[in-house]
Amino acid sequence: MRIASAPVLALCLGMALVCRLPAQLTAEEKAKNVESFETIWQTIRDQNPDPRLNGLDWQAIHDATRPLVERAQSADEFRQVIGGMLAKLEASHHAIIPADRYQPSPQDPMPVADEPDAGTLVRFGNLPEMRVVFESRTLPGGAGYIRFNEFLDPAAIMPKIQAAVKSFAKAPGIILDLRGNPGGIGIMAMGVAGFFIDKDGLKLGEMKTRTTTLNFVIFPRPEVYSGPLAILLDRYSASTTEILAGGLQDLGRARIFGTRSAGAALPSDIIRLPNGDGFQYARASYTSVSGKTLEGNGVTPDVVVEESADREHDPVIEAADRWIGSALHP
Amino acid sequence: MQAAGGSALWHAQKWETDEIEGRTLDDGRVILKATVSTSRSGNYLSEITVPQVASEGVYKGTAWALSHFSGPRIKYSTEREEALRDARMMEDADWRTLYPHPQLAGTEEIAGRMCYRVVLSDDRTEWFDQTNGLLMRRQSSEISSEGRQPTGFTVEEWGTFAVPGGALSIPVKMLAWRGDLEYRLSVLSAAFNKPVSLQYPAEVADYLAASRAGKALPNAETIIERHIYESGGPEAYGNLRTQQVSGSLTFLSTSQEAHVETWAAEGGRYYQSIDVPGLGKQEEGSDGHVAWERSPALGPRVKARKGQAGLSVTLDAAAVIGWRFLIDEVRTEAAERIDDHDCYRVRLAPRDGSPAIIRWYDRKTGLLYRASAALSSTMGTVPVVMTFEEYRDTGGFRWPVKTRMTFSGQSVLFTTAEVKINEPVAAAVFDLPDEVRQLAEKKSAGTL
């Protein structure tokens, strides 16, 4: 399974730092950290989509980093050392997920900002538990509005999108709000695109590992919405979100509103390390259908609209809604 | 024998060379073209140009074959005996020695002519025209990958060829059959006593020398046929009607476990469901006409190719025993140790032009241990390595309980829980889901 998720992981690391004082490591824990370091170093060496590894002397980095790992006195210090090593790659989707993030928690472990609706807690692969929120409604002007905060739990989310798109069949347009959506399961981008593309054989872009090239092909659904489609992005929109938005923009199927996305669009995997931490690593590069590299660049909106602090008005939704209205009555 | 020229005249012939051609009965397509030379010393050479360039023969007791398809090969056991029998074509005149206990088993009408039915051996029966005494039909059998199958011909026309001292008659038009295949076989020309070298080609000589020195690798056809035999045999594959396989698929990097259910039936029908935690049910199937896939993430889609694209845990009997129809060239590349298994590495070049498949066959058991191939779909081509472990007897087959699959940096393990062979399967299992049917209709209407 492939995860194309922007790291929620810096946040996780931050939480771990404030939750408890660093505990001294036992000799066994130190050995597990060294083993974990070797796993990380080898995984990057063998799987990174850039075989040149950003021009780094990876062996020299190994030899310099290993003593620091051996000397690390706490789990947090170990993660900081690894974080420093990963930062040298200057690429997204490289992160450590602290082991305690995998502990099931009876309370909401990571409240989603501004989410009054609790949503559903889901677990996928080696990702920690995540909360998935879905919302759909009809805007006053008649446009359909769909928003979800993660590309996860397709068995629950995709039927909701399908039902919403079906209910908006006669709407003058649909607004897909992917602001703050950090991504998730990469193939869901193709699945969502299939609700809005009615022609067979199109693709959002392509993903390249060192050995394979995979096309992000769009499979049209039996019932497709062919009216105006607006996608809303912000600087937290990343990964799968960028793959979907960038591809539909390239195909001329969607108009993008908001601010430039995160530019963190490397398909990645997450493995569990011997010390119990999770390790997310990029294992493919991605280019949009027009050949644009999304990593580091993001998706540039067709209509740039800054967020407003005014909670009564959302200028990004309003701009998209106006465009839909103008498309209906040009 | 008397009617065909007489024993004395036949005994005087040392060589015979026939140019033969086989054509289909319906459209007259050429399916066989060869020059067959035989000597009275028991050597023979068949130089084939259709269906592919190849040669085979017997030289000084060594039965051999050489083809672009699989390279040089030495025939052993039953296959060798059959080749030696074929090499004795000119010894029909010595039928009393070859078939010391012939039995007249009655009379029968063949193609409107009353014939004597003569059983020459357990495996050879001939019918002779009561009026002119000539051979009317020959019935025998031969071993193939589909098992032992009937072979023979009914003579439709005789030809007469002048030789010093008289004339010889041989069948020149025949309705021939080999298993279910019927075709018309013609002798385009025949020459007698024209000396030809029947020695095997240098490539075969080299292979034979290496073989005698214990350095030759077995021919790939032999290795593949051994797997077919050891995993159930051609008859079991031929009788395979339905399969039901269930088990679990473990994603090794995440320890996630998915439940797998698969049904397959004749006519290319199958249905497979893999329920992956966090991803939902991944389905694929075919009702024999429309192949499809469906998952919560990607939705439904109609596939161009009818074969399964991902994990395939059922046996495709037609592909197993009819493997030669799918392959253009096959070679044994090496003997090598994989994990703890001494294996032969075999390379197969598919006829459809897709990348070569590499297989490793366990030398001890003869069973397939590992296969490396490229799975193609509309999304692209992904190299896949599958390792088959813990074969067990199941429903007449040797079935791998565990299949490890590595693709695109991921490793999964399929563990078979239950296999049911030839048990009734409800036809509705293979019905197309409504949304797949809608897509298929759109596709055939050209609106997708």
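This is a predicted model: local features need pLDDT of at least 70, side-chain atom pairs count only at pLDDT 80 or more; totals for chains, interfaces and linings use all residues.
Residues are numbered from 1 along each chain as its sequence is written, chains are lettered from A and ligands numbered from 1 in the order written, and side-chain values use heavy atoms, without hydrogens and water.

Reader: How much area do chain A and chain B bury between them?

Author: Contact means heavy atoms within 4.5 Å. The contact takes 31 residues from chain A and 30 residues from chain B. Buried area is the accessible area (1.4 Å probe) that two parts lose on being put together, summed over both. Of that area, 59% lies on carbon and sulfur atoms, and the total is about 2600 Å².

Reader: Which residues form the salt bridge between chain A and chain B?

Author: A salt bridge puts a side-chain nitrogen of Lys or Arg within 4 Å of a carboxyl oxygen of Asp or Glu. The count between chain A and chain B is one. Its N to O distance is 3.0 Å, and the side chains are those of A:D200 and B:K443.

Reader: Is B:E221 buried or exposed?

Author: B:E221 forms a salt bridge with B:R73, at 3.8 Å between the closest N and O atoms. Buried means under 20% relative accessible area, exposed over 50%, partly exposed in between (1.4 Å probe, protein chains only). B:R73, at 11%, counts as buried. B:E221 has 9% relative accessibility, so B:E221 counts as buried.
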